[in-house]
Amino acid sequence: MSKTMRAAYLPGNSTVEMRTVPVPTPGHGEVLLAMKASTICGSDIRCIYHEHLGKGPEGYQGVIAGHEPAGKIVEAGPGCRRFKTGDRVIVYHISGCGVCNDCRRGFMISCTSPTYRRAYGWQRDGGMAEYMIAEEKDLILLPDSLSYADGAQVACGFGTVYEGLEKIGINGNDAVLITGLGPVGLAAGALCRKLGAQKIIGIDIAQERLDLALQLGLCDLVLASGPDNVAQVRDLTAGNGVERAVECSANADARATAIRATRKWGKMVMIGEGGTVSFNPSPDIIHDQKTIYGSWVTSTWRMEELVERLVRWELHPEDIITHRFSLEKADEAYALMASGRCGKVAVCPKKKE
Ligand SMILES: NC(=O)c1ccc[n+]([C@@H]2O[C@H](COP(=O)([O-])OP(=O)(O)OC[C@H]3O[C@@H](n4cnc5c(N)ncnc54)[C@H](O)[C@@H]3O)[C@@H](O)[C@H]2O)c1
Ligand SMILES: [Zn+2]
Ligand SMILES: [Zn+2]
């Protein structure tokens, strides 16, 4: 094995810098992964790619980029208890201290340790490289029937959405509204289908994304974002509004639409991050007895559950990938994702693995 590897960094001026760096050695409880797929998230663009805007958990510390990795273990360090060389794995994208209350719930995303909470691709080296070090406790086994490109999307994209949907509950009674049809919104469509949602309505500003949601069969109806959206959604639901809404745009207007287009006694979950929203509590939620949930990523056990469901449902997250790039072309991959003229963008081999 070569002693050096290629790796992508995000200097914060809408470019990608490729560097040659040493291949790291796994320490105690760590594994070395040969990277097989690494997908790009809206958060990478929002907080890092254009400018290093993120703070705290979204603060980028100049590490190898990429927080949606999947790979094969090529070396297990001393003290590993479950995973071994040759295992195909997904990485839960935040490594926590393991002993705070949130970590003990499996939610390392909200680990409270300022010293030990480090997210891959943000505060510790991530997946946009030939190899990557991960802690064994952050690994989820990837079944053979799922590809690495499926796996890369389980943590941040599909896992996040699955968590949010489990909070609000989705079933065959429901008409569901999804605001924002980026990769996260598309994942919401795919999972709502499998959970039995009866009618799925999507809203976006980008025509490409509305078209893609229909083409992939992830929405039944799509609407261009605009001031009439609440009335349009009511028209499509016998005047009532939707039982469930999933907000995946982070846009203030779309958030207000999601709240207002949810029917009486309905539930909605906010997943899109950053920005603001303004609404009128009494008419918009209180008098209609509505519930708004916030949902941040997912837990390791829920990720394992999702992987099991993906196999049962024969649902392949990689179906929302529209563009694949080699690692050396990571710059093109980030630029495309920043343009929004795409579905999910992945750095991975062209052939399925
Ligand atoms: N809560 C969490 O744990 C979590 C995890 C992952 C990602 N996220 C967030 O989820 C969001 C979506 O992620 P993504 O990767 O799909 O990003 P993305 O930027 O590709 O998707 C956002 C979509 O919203 C659309 N949009 C913008 N303004 C709109 C409007 N007025 N009406 C309707 N749609 C509008 C955009 O066109 C785009 O398609 C991001 O904010 C990301 O940071 C949250
Ligand atoms: Zn992400
Ligand atoms: Zn912790």
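Q: In β12, which residue is the bridge partner of I201?

A: In this predicted model, where local features need pLDDT of at least 70, side-chain atom pairs count only at pLDDT 80 or more, and totals for chains, interfaces and linings use all residues, the bridge partner of I201 in β12 is L221. Residues are numbered from 1 along each chain as its sequence is written, while chains are lettered from A and ligands numbered from 1 in the order in which they are written.

Q: How many bridges join strand β11 to β12?

A: Two strands pair if DSSP finds at least two bridges between them, and strands (E, at least two residues) and helices (H or I, at least four) are DSSP runs numbered from the N terminus. Strand β11 (residues 199–204) and β12 are joined by four bridges and run parallel.

Q: What is the order of the strands in the open sheet?

A: The open sheet has six strands in the order β12-β11-β10-β13-β14-β15, with parallel pairing. Its edge strands, each pairing on one side only, are β12 (221–224) and β15 (291–294).

Q: Which strands does helix α5 touch as it packs on the sheet?

A: Contact means that the C-beta atoms of two residues, placed from the backbone, lie within 7 Å, and directions are compared through axes, which are lines fitted to C-alpha atoms (for helices over the stretch in contact), with angles from 0 to 180 degrees between N-to-C directions. Helix α5 (residues 183–194) touches β10, β11 and β13, and its direction makes about 175 degrees with that of β11.

Q: Is strand β13 buried or exposed?

A: A residue is buried if 20 or more other C-beta atoms, placed from the backbone, lie within 10 Å of its own, exposed if 12 or fewer, and partly exposed in between. In β13 (residues 242–247) six of the six residues are buried, so this strand is largely enclosed by the rest of the structure. Strand β13 pairs in the parallel sense with strand β10 (residues 175–179) over four bridges, where I178 stands opposite V246, and with strand β14 (residues 262–270) over five bridges, where V242 stands opposite T262.

Q: At what angle do the axes of helices α4 and α10 cross?

A: Two packed helices are described by the angle and the distance between their axes. The axes of α4 (residues 154–168) and α10 (residues 300–313) come within 10 Å and cross at roughly 90 degrees. The two helices are therefore roughly perpendicular to each other, a term for angles of 65 to 115 degrees, whereas under 35 counts as roughly parallel, over 145 as roughly antiparallel and the rest as oblique.
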